[in-house]
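The paragraphs below walk through a predicted model.

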Amino acid sequence: MTAVENLKRLRNEIPEHVKIVAISKTHTEQEILEVYNAGHRCFGENRSQELINKQPLLPNDLEWHFVGHLQTNKVKYIAPYISVIQSIDSLKLLVEVNKQAQKHNRTIDCLLQFFIAREETKYGLDLQEAHVLLNSDAYKNMKNIKIRGVMGMATFTDNTDRVRNEFRELKQIFDSLKNDFFPHNADFSEISMGMSGDYKIAIEEGSTIVRIGTAIFGERNVR
Ligand SMILES: *Cc1c(COP(=O)(O)O)cnc(C)c1O
């Protein structure tokens, strides 16, 4: 099946209120354009250099999401066009995103990334760190970012109970932050969880954004 057919099948299967971010990492501009030409606009990358290389070669009405670990010194390159940075994992990064967004007279939507997996390699905040961030004066004074919700990656495992529990944990984190910090703020509404192997479980547990690569584009090219 082609990427366009894969996406169409997923779109039919996934509830309408759940956004699909097509994760295009390692795939070519041409592969992205085929999906774009079929009407899809929302794409995600996890490495800044790859996004920096691809973005100028593609139409400028793509909605780009950044989903990987982002170094503060790379923010300035993507700030002019990035729609959502899903991977905010420190106050320092958020400060820089706000600063660069201000330079371009924009507001950048952000998700707080949480560490929910039982794996060493994944980035993210824990609930206490998020409280420190959201209680900080630095955060309260930011005018050019909007916290739209949370993001997390489950452990890469066949153990579906474990995956489900991790997604449940992220949903609980979302609910508690909503209650403590955003009770009257409708912007704080997104839970980004679920990838090619686990999006069904994620949606059952309350996902509003799924990030799907392989199930759309097929196996990744080697970088
Ligand atoms: C690569 C990646 C995805 C998509 O992974 P697939 O298993 O190919 O769907 C989703 N989220 C993040 C953060 C990624 O790096």
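With ring centres required to lie within 6.5 Å of each other, the count comes to 3 aromatic pairs. In one of them, the rings of Phe43 and Trp64 have their centres 6.2 Å apart and their planes at 55°, so this pair is tilted. The pair links distant parts of the chain, with Phe43 in strand S2 (residues 42–45) and Trp64 in strand S3 (residues 63–66), 21 residues apart. Phe43 and Trp64 are each buried.

Phe174 and Phe188 also form an aromatic pair, and this one is stacked, at 4.9 Å centre to centre and 5° between the planes. Phe174 belongs to helix H8 (residues 160–181), while Phe188 sits in the loop between H8 and strand S7 (190–192), so the pair ties together parts that are 14 residues apart in sequence. Both of these residues, Phe174 and Phe188, are buried. Together with Phe182, Phe174 and Phe188 make up one aromatic cluster.

A ring can also face a charged side chain. Arg41 lies over the face of Tyr36, at 3.7 Å from the ring centre.

How many disulfides does the model contain? The count is 0. Cys42 is in no disulfide, and the nearest cysteine sulfur, that of Cys110, is 15 Å away. Seen from the other end, the closest cysteine sulfur to that of Cys110 is in Cys42, and 15 Å is too far for a bond; a disulfide would need the two sulfur atoms within 2.5 Å. Cys42 has a relative accessible area of 5% and is buried. Cys110, at 0% relative accessibility, counts as buried as well.

An α-helix has 3.6 residues a turn, so residues three or four places apart point the same way. In helix H1 (residues 3–13), the buried residues are Ala3, Asn6, Leu7 and Leu10. Viewed down the axis of H1, these buried residues fall within an arc of 95°, so they line one face of the helix. The face of H1 turned away from the buried side carries the exposed residues Lys8 and Asn12. What covers the buried residues of H1? The covering elements include strand S1 (19–23), helix H2 (29–37), helix H9 (199–204), strand S8 (209–212) and helix H10 (214–217).

Helix H6 (residues 127–135) can be read in a similar way. Its buried residues are Ala130, Leu133 and Leu134. They cover an arc of only 90° around the axis, which puts them on the same side of H6. Gln128 and Val132 are exposed on the other side of H6. The cover over the buried residues of H6 includes helix H5 (91–103), strand S5 (108–114), helix H7 (137–140) and H8. At the N-terminal end, H6 is capped by Asp126, a side-chain oxygen of which lies 3.2 Å from the backbone nitrogen of Gln128.

Two residues from elsewhere in the chain show contacts made across the sequence. Thr208 is found in the loop between H9 and S8, where H9 and S8 are among the elements covering the buried residues of H1. Is Thr208 buried or exposed? With a relative accessible area of 15%, Thr208 is buried, the limit being under 20%. Apart from neighbours within four places in sequence, Thr208 is in contact with His17, Val18, Lys19, Ser189, Glu190 and Ile191. With Glu190, Thr208 makes a side-chain to side-chain polar contact of 2.6 Å.

Arg220 lies in the segment after H10. At 39% relative accessibility, Arg220 counts as partly exposed. Leaving out residues up to four places away in sequence, Arg220 touches Lys25, Thr26, His27, Gly213 and Thr214. Arg220 and Thr26 are 194 residues apart in sequence, but their C-alpha atoms are 6.0 Å apart in space. The side chains of Arg220 and Thr214 are joined by a polar contact of 3.5 Å.

How values were computed
Residues are numbered from 1 along each chain as its sequence is written. This is a predicted model: local features need pLDDT of at least 70, side-chain atom pairs count only at pLDDT 80 or more; totals for chains, interfaces and linings use all residues. Side-chain values use heavy atoms; hydrogens and water are left out. Buried means under 20% relative accessible area, exposed over 50%, partly exposed in between (1.4 Å probe, protein chains only). Helices (H or I, at least four residues) and strands (E, at least two) are DSSP runs, numbered from the N terminus. The arc is that of the directions from the helix axis to the C-beta atoms. Contact means heavy atoms within 4.5 Å. Rings of Phe, Tyr and Trp (its six-membered ring) pair if their centres lie within 6.5 Å; planes under 30 degrees apart count as stacked, over 60 as edge-to-face and the rest as tilted. A charge sits over a ring if NZ of Lys or CZ of Arg is within 6 Å of the ring centre and within 35 degrees of the ring normal. A polar contact is a pair of N or O atoms within 3.5 Å; within protein, one must be able to donate a hydrogen and the other to accept it, and residues adjacent in sequence count only if both atoms are side-chain atoms.
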